[in-house]
Amino acid sequence: MSLWLTHPLFIPSLVVGITILLWATSLLPEFITALLFFAVAMVAKIAPPDVIFGGFASSAFWLVFSGFVLGIAIRKTGLAGRAARALSSRLTDSWPLMVASVVLLSYALAFVMPSNMGRIALLMPIVAAMAKRAGINDGTRAWYGLALAVGFGTFQLSATILPANVPNLVMSGAAEGSYGIHLNYLPYLLLHTPVLGWLKGAVLIVLICWLFPGKPHAPRDLTPSEPMSGDEKRLAWMLAVVLLLWVSESWHGIGPAWTGLAAAVITLLPRVGFINGDEFSTGVNIRTCIYVAGILGLAITVTQTGIGSAVGEALLQVMPLDAEKPFTSFLALTGITTALNFIMTANGVPALYTTLAQSFADATGFPLLSVIMIQVLGYSTPLLPYQASPIVVAMALGKVPARAGMLLCIALAAATYLILLPLDYAWFTVLGKL
C-alpha cells in the first residue's frame, strides 16, 4: 500500500478517478465537476496547463459551441419549425408511418443541427402538436412512444454523423489530442450509417410500434403555411453551404468545427446575423461547453500522464483480445465500451476508451483507427436511460415514466447486440477496416 501511495501515478489517478466518479453519480452538476477537475489538477500539478486545459483548444469544443449558436438562430427564425411541420403534417395516417416520420425527422435534423439537446428542445413541442392533431393524448402509451422516438432517434442514430453527437465529438477530440488522428465527415458517415443508422432506425421503429401501440385518427391539416421570411431564406442558404462544406471536408481540408464556428460568427454579426447578445447569453449552454472541455482535458491528461497505458495493460490481462480471433476481439472491445457506459455514461466513455486504443490495437492486430471506431456501437447503445443524457431530457420533457424508457432501452440494446453487432462486424470487414 505504501508503495502505491508513493507511485507517481497515484495523485493523477486519484484526481481522474474522483472526477469520473462525480460525473457517473451526478453528485455535483457536470460543469462544476469539470471546473473542480481543472482547479484540483492545476493545484496538484498533475500535468502542464496546456494538457489540462487542452479541451478548450480542441475542435470538439468549438463544434459544440457553434452548434448552440446555430440552434438559437434556427429556432428564432422559425426555419426548423417550418421544416418539421412540412415533413410531419401529412404523416399521421397510420401509427407506423407516424413513428417512422418522428424517427426520420430526429435523424434528418442531426445533419444540419449539431446539438442533441437543441434538437430535442426543438422537436418535442412540434411532435406534441403533431400528436394532438392525431388524437393522441399526453400520458398514454402512444405518446410515450413518440417522446421516446425523439430521444432515441436524436441520440442513438445521430452517433453515425460525426458533428451531431457529444460522444462523437469527445471521441474526435480525444483521437486528435492523443494520436493526432483527424476524423473525416464522409468516411465516418459511410462506416456507421448503414448499420447503426438505417438498420438501427428500422429496428427502433418496429420496437416502438410493438411496445407502445397507438391509433392516430386526426384529419389532415391542410392550412397553408405563411411565406418564408427573409431571415428564414438567408439562414436556409447559409445552412446549405455549411452542410456542403461538412460533406466535402476531405476535399478542402477545413474541419467541421471551423466551418461551424465561421457560421456561428456570421449568425452573431450585427445587422447581418440572426441573434443578438441577449439571445446569445441566454441561449448558449456554457455549462455544457465547460463540461465538454473538462472531458476532453481529462482524456488528454489520462494519455499524457500514462494512466491510460496503465489501465490498458490491466484490461489486456482480462479481456479476450486475440489477433487470431477477430470477431471475438470485436465483441470484447464492444463489451469494454458497454461496461464503461455504466461507470462514465456515454459522454465520458470515449474519453477513456480512446486513450486505451493503442494498447487494444496492439493486442488485436486491428488498425488504430478501426479500434477507435468500434466503440461507437457501444456508447450509442445505452442499457439504461441515465447513460445518455439526451434520452433523459426527452423523457423529462415528455413526462415519460422511467419504466417505459428502461423497457425500450433494454429491448433496443438486445436487438443491437444480437442482430446488429454481427452485421456491423461484417460491414467493417467489407470496408477493409479489420
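Is S106 buried or exposed? S106 is buried, with a relative accessible area of 0%; buried means under 20% relative accessible area, exposed over 50%, and partly exposed in between, with a 1.4 Å probe and protein chains only.

The model is a predicted one: local features need pLDDT of at least 70, side-chain atom pairs count only at pLDDT 80 or more, and totals for chains, interfaces and linings use all residues. Residues are numbered from 1 along each chain as its sequence is written, and side-chain values use heavy atoms, with hydrogens and water left out.

1. Surroundings of S106. This serine is found in helix α7; helices here are DSSP runs (H or I, at least four residues), as strands are (E, at least two), numbered from the N terminus. A polar atom of the S106 side chain lies 2.8 Å from the backbone oxygen of V102. Leaving out residues up to four places away in sequence, S106 touches R119, L123, A149, V150, G153 and T154, where contact means heavy atoms within 4.5 Å.

2. Helices α7 and α8. Two packed helices are described by the angle between their axes and the distance between the axes. The axes of α7 (residues 95-109) and α8 (residues 116-133) come within 11 Å and cross at roughly 160°. That makes α7 roughly antiparallel to α8. Axes are lines fitted to C-alpha atoms, for helices over the stretch in contact, and angles run from 0 to 180 degrees between N-to-C directions; those under 35 degrees count as roughly parallel, over 145 as roughly antiparallel, 65 to 115 as roughly perpendicular and the rest as oblique. On the α7 side, M98, S101, V102, L105, S106 and L109 meet R119, L122, L123, V127, M130 and A131 of α8.

3. The nonpolar core. The largest nonpolar core has 144 residues, and W143, L146, L333, Y353 and L408 have the most contacts inside it. The term covers buried Ala, Val, Leu, Ile, Met, Phe, Trp, Tyr and Cys residues joined through side-chain atoms within 4.5 Å. Helix α18 (residues 326-364) supplies the largest share of this core, 14 residues. Beyond residues up to four places away in sequence, L408 touches L148, F152, L204, L207, I208, L211 and F212.

4. Helix α19. Of the 12 residues of α19 (residues 368-379), 11 are buried, so this helix is largely enclosed by the rest of the structure. Among the buried residues are S370, Q375 and G378, along with L368 and Y379.

5. A buried threonine in a loop. T160 is found in the loop between α9 (141-155) and α10 (166-179). T160 counts as buried because its relative accessibility is 0%. A polar atom of its side chain lies 2.8 Å from the backbone oxygen of L157. Not counting residues up to four places away in sequence, T160 touches Y107, N168, Y188, L189, H192, T193, L196 and G197.

6. K45, in the loop between α3 (30-44) and α4 (49-52), has a positive phi near 55°. R271, in the loop between α14 (256-268) and α15 (277-283), has a positive phi of about 65° although it is not a glycine. K45 counts as exposed at 71% relative accessibility, and R271 counts as exposed at 84%.

7. G177 and G297. G177 lies in helix α10 and counts as partly exposed at 34% relative accessibility. The C-alpha atoms of G177 and G297 are separated by 9.2 Å, and the two residues are 120 residues apart along the chain.

Terms used: Polar contact = N/O pair within 3.5 Å; in protein donor to acceptor, adjacent residues only side chain to side chain.
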